[in-house]
Amino acid sequence: MKLALARPLDHPLCRAVAEAGWEPVPYYITVQEFTHATPPMALDSVSALLVLSPAAAKAVKAWVTKSMDVVVQGEGTEQSLGLEFVNATRLRRPRQATAESLWDMLQQAYPEGGEFVLARGERSRQYIEAAAKGTVWRLHPWITHREVPTKPEPTLPSVDALLALSPLQAEYMAGTPGDLLRFAWGDRAAKAFEASGVEVHGVCE
C-alpha cells in the first residue's frame with residue numbers, strides 16, 4: 001500500500017508509515033510560505049519559545065540562542081531546528097506530538113506561568129491559546145508561516161491512498177481523481193474532506 005503525504009522520507013511520520021507496513025510517498029500538494037515576521041517581543045525576556053511545527057522551527061532558527069528555553073511539539077519539529085541548536089539549547093518535547101500534550105507539559109515545566117512566545121502557522125487551530133486564556137501562562141503568537149497551494153500543482157504519483165495533514169490539503173486532495181483511500185490528520189482535515197463531498201476512510205489523531 002502506497003500512501004502519499006507531504007513529508008520527506010526521513011521524517012518521523014514517514015518512518016511510522018513504513019513501520020506499519022505501508023510505503024510512504026512524498027507528495028507536496030501545498031507548501032509553507034514564510035511570513036518573515038519578527039517576534040512579538042524580545043525572546044531573551046520570555047520564559048520559553050514554543051514551536052508548533054517543522055515549518056515554524058525553520059522560520060525561527062535564526063532567533064534561537066544557546067541560553068534560550070525552547071519547547072517543541074514533536075520530533076520532526078525538533079529535527080528542523082538542527083542539531084547545532086538542539087544540542088546547545090535547553091529544549092523540551094512532550095511524549096506525544098500534540099498541542100494538548102505540549103500544553104500539559106508547559107504547565108508542569110513552568111508551574112508559576114510566565115510569558116511565552118508561540119511560533120505557529122497562520123491557520124493553526126489555536127488550541128493552546130484557547131487553553132491558556134486568562135491563566136498565568138501568557139502566550140504571544142508569532143505567525144511565522146502560512147500554507148499555500150503548490151504552483152504548478154504537482155503530478156500525483158502512483159499511490160493507493162492520500163493523507164491530508166491540514167484542511168487546505170484535504171480541500172485540494174478531495175478533487176484528486178481515482179479510487180483512492182483518503183485519510184485525515186485530525187478532525188479539521190476530516191471535516192474539510194466531508195465539506196467537499198468526499199468520503200474519509202480514517203482519521204489520525
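Two strands pair if DSSP finds at least two bridges between them. Helices (H or I, at least four residues) and strands (E, at least two) are DSSP runs, numbered from the N terminus. This is a predicted model, where local features need pLDDT of at least 70, side-chain atom pairs count only at pLDDT 80 or more, and totals for chains, interfaces and linings use all residues. Residues are numbered from 1 along each chain as its sequence is written, and side-chain values use heavy atoms, with hydrogens and water left out.

## The six-strand sheet

Six strands make an open sheet, ordered β3-β8-β7-β4-β5-β6, and the pairing is mixed. The edges are β3 (30-34) and β6 (90-92); each has a single partner strand, so one side of each lacks a neighbour in the sheet. Axes here are lines fitted to C-alpha atoms, for helices over the stretch in contact, and angles run from 0 to 180 degrees between N-to-C directions.

Strand β7 is mostly covered, with seven of its eight residues buried. Buried means under 20% relative accessible area, exposed means over 50%, and partly exposed lies in between (1.4 Å probe, protein chains only). β7 pairs with β8 in parallel through eight bridges. β7 also pairs with β4, again in the parallel sense, over four bridges. Further along, β5 (residues 69-72) and β6 run parallel and are joined by three bridges.

| Residue | Stands opposite | Strand of the opposite residue |
|---|---|---|
| A48 | F116 | β7 |
| V117 | H140 | β8 |
| V70 | L91 | β6 |
| K2 | E23 | β2 |

Helix α5 (residues 99-109) lies across β4 (48-51), β5, β6, β7 (114-121) and β8 (137-149). Its direction runs at about 150 degrees to β8. Buried residues in α5 are A99, S101, L102, W103, M105 and L106. Their cover includes β4, β5, β6, β7, α6 (127-132) and β8.

## The five-strand sheet

The other sheet is open too, with five strands in the order β2-β1-β9-β10-β11 and parallel pairing. Its edges are β2 and β11 (202-204), each with a single partner strand, so one side of each has no neighbour in the sheet. The twist from one strand to the next averages 25 degrees.

Two helices pack on this sheet. α1 touches β1, β2, β9 and β10 (181-185), and its direction makes about 145 degrees with that of β2. α8 touches β9, β10 and β11, and its direction makes about 140 degrees with that of β10.

β1 and β2 (residues 23-26) run parallel, joined by four bridges. L3 has P24 in β2 as its bridge partner. The chain goes from β1 through α1 to β2, a β-α-β crossover that is right-handed. Right-handed means that, with the strands pointing away from the viewer, the path from the first strand over the helix to the second runs clockwise.

H11 sits in the loop between β1 (2-5) and α1 (12-19). Is H11 buried or exposed? H11 counts as buried because its relative accessible area is 13%. Leaving out residues up to four places away in sequence, H11 touches P54 and G76. Contact means heavy atoms within 4.5 Å.

## Nonpolar cores

A nonpolar core is a set of buried Ala, Val, Leu, Ile, Met, Phe, Trp, Tyr and Cys residues joined through side-chain atoms within 4.5 Å. The largest has 17 residues, and Y27, L162, A170, M173 and F193 have the most contacts inside it. β9 (161-164), α7 (167-173) and α8 (187-195) each supply at least two residues of this core. α8 gives the most, with four residues. Another core lies apart from it, with 16 residues, among them V71, Y110, I128 and L139.

Beyond its neighbours within four places in sequence, Y27 contacts residues including A4, L5, E153, P157, L162 and M173.

## Cysteines

How many disulfides are there? The count is zero, where a disulfide is a pair of cysteine sulfur atoms within 2.5 Å. C14 is in none; the nearest cysteine sulfur, that of C204, is 13 Å away. That distance is too far for a bond. C14 is buried because its relative accessible area is 1%. C204, at 27% relative accessibility, counts as partly exposed.
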